[in-house]
Amino acid sequence: MPLSKRDLLPIRAETDIVMVRQAVRKACIEQGFSLVEQTKFVTAASEIARNTLEYGGGGEAALETHIEGVRKGVRIVFTDQGPGIADLEQAMRDGFTTGGGMGHGLGGAKRLVEHFEITSTPGVGTTVAIARWK
Amino acid sequence: MPDSRLPDLIARHEADLLAQWAKALSAAGATREDLMKPEELRAQCADLLGSVRQALQRGGNDITGQGWEKVRELLTEISRTRAQQGFTPTATASFVFSLKEPLFQRLRSEHAANPALLVEETWSTTTLVDKLGLFTIESYIKAREDIIRRQQEAMLELSTPVVKLWDGILALPLIGTLDSARTQIVMESLLQRVVTESTDVVILDITGVPTVDTLVAQHLLKTVTAARLMGTDCIISGIRPQIAQTIVHLGVDLTSVITKSSLADAFKVALSRRDLMVVKRKAAAAGAQA
Ligand SMILES: Nc1ncnc2c1ncn2[C@@H]1O[C@H](COP(=O)(O)OP(=O)(O)OP(=O)(O)O)[C@@H](O)[C@H]1O
Ligand SMILES: [Mg+2]
């Protein structure tokens, strides 16, 4: 029995964001997440996917499903080789945007999931990982 | 390398090559008679072989060059129709690659006495057919992408109905993905209708929208604001429990907007805004008598 599965999803165009959402939703359903859990996780993934496309200039998402004993989890890691974020604290703050958005994407995503990790190096790129266990 | 003898060889054995090619095609499973008539296929083969010969005669085997325009056009058209007819990429590419075998056979019998020339001619022929095959695959993929794009556009247009529920009350049942180019179109057509029909209340129903993220929320809020500037109130309906929770976590403030969980509830609010109400017929009759 495979303990985990990993899929690479490209994020190059707006339609890829839809594909990411659908893949994440499917994974959440497979792991037995409730409707609320699914919706929260999918929405968080949608936020990060759009940032990857819009600010990171595109990238990819690695979608993983894990089964560890009775624990089941979904994790997705977004990577881009974009300009990076110089001030993470500022970027995470609600209302901060450089792109005319609401500036709630990063903060909102963090509140929607159990595990949220962001690393970013200016000039190198940004990686955001979100995960939820059940 | 001296001028290729290939065009000459094709000219002398055209009919035979076509017959062999047809055989190779059916051996490769590239004929698909369910999708395409045999005579149509034969005509395509004859057209292509003829124009390849002409292009070679004009000189050069750079298929991106001027002399190869006709061949490129033919291959593009062939790939496009095959993509539409539902041929697989393999079946489409096999159409071109199946030409190798008959050509090689011809070269073998032609240059049997001159192995060096045979190798040289075989090499240049295989390179040429490979290039034509790759060109075909690329055109096929482009054609497929076009088809997909057209389907997407068709869907954009299909799913943007603005429904009049009552005098002065419009509803916009939103279904599916809200964050693409579609949102812009939907919202614009809604605001247009708000102008042309004097509208008091608009109901934006998001029952069919699976994900409401910050971008969707922003689009909704912008529409509400724009409608309000034109003197029209908006109600957002179809906020299911999971969506409500998500919106709270996102920290999006919808308190300035009237929201309802169902379209029916929203319609009730809209009616009362217009000083209207729905009553049971009996009750209405009793009221009239009193
Ligand atoms: N992958 C990234 N690469 C570079 N900069 C980023 C990336 N992700 C986010 N940022 C920066 O962080 C800011 C805040 O992001 P956040 O998602 O919170 O808000 P937003 O995208 O601007 O608006 P919203 O998500 O509410 O529509 C962005 O405006 C952008 O400047
Ligand atoms: Mg964002």
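**Chains A and B and ligand 1: questions and answers**

Q: How many residues does chain A bring to its contact with chain B?
A: Let's begin with the contact in this predicted model. Chain B contributes 21 residues to it. From chain A, the number is 24 residues.

Q: What area is buried between chain B and chain A?
A: Interface size is often expressed as the accessible area lost when the parts come together. Here carbon and sulfur atoms give 56% of the buried area. The total for chain B and chain A is about 1800 Å².

Q: Which residue of chain B meets the side chain of A:Arg50 in a salt bridge?
A: Side chains of opposite charge can pair when their charged atoms come close. Across the interface of chain B and chain A, two salt bridges are found. In one of them, A:Arg50 is 3.1 Å, N to O, from its partner, and that partner is B:Asp213.

Q: Which element gives the most residues to the side of chain B that touches chain A?
A: Between chain B and chain A there are 10 residue pairs in polar contact, both residues at pLDDT 80 or more. On the chain B side, the elements giving two or more residues are helix H9 (214-229) and helix H10 (241-250). With six residues, the one that gives the most is H10(B).

Q: Why is the site of ligand 1 shared, and between which chains?
A: There are 20 residues around ligand 1, and the closest include A:Asn51, A:Thr97 and A:Leu106. The site is shared because the residues that surround ligand 1 come from chains A and B.

Q: How much of the area that ligand 1 exposes when taken alone does the protein bury?
A: Start with the polar atoms around the ligand. A polar side-chain atom of A:Tyr55 lies 2.8 Å from an oxygen atom of ligand 1, and a backbone N or O atom of A:His104 is 2.9 Å from an oxygen atom of the ligand. Taken alone, ligand 1 exposes 600 Å², and the share buried by the protein is 94%.

Q: How far apart in sequence are the parts that A:Lys5 and A:Glu30 tie together?
A: Over all chains, the structure holds 21 salt bridges. One joins the side chains of A:Lys5 and A:Glu30 at 3.6 Å, N to O. Since A:Lys5 lies in strand E1 (residues 4-11) of chain A and A:Glu30 in helix H1 (residues 14-30) of chain A, the pair ties together parts whose separation in sequence is 25 residues.

Terms used
Residues numbered from 1 in each chain as written. Chains lettered and ligands numbered in written order. Predicted model: local features only at pLDDT ≥ 70, side-chain atom pairs only at ≥ 80, totals over all residues. Heavy atoms only, no water. Contact = heavy atoms within 4.5 Å. Buried area = accessible area lost by both parts, 1.4 Å probe. Salt bridge = Lys/Arg side-chain N within 4 Å of Asp/Glu carboxyl O. Polar contact = N/O pair within 3.5 Å; in protein donor to acceptor, adjacent residues only side chain to side chain. Helix = DSSP H or I, 4+ residues; strand = E, 2+ residues; numbered from the N terminus. Near = heavy atom within 4 Å. Areas by Shrake-Rupley, 256 points an atom, 1.4 Å probe, with all protein chains shown as cover.
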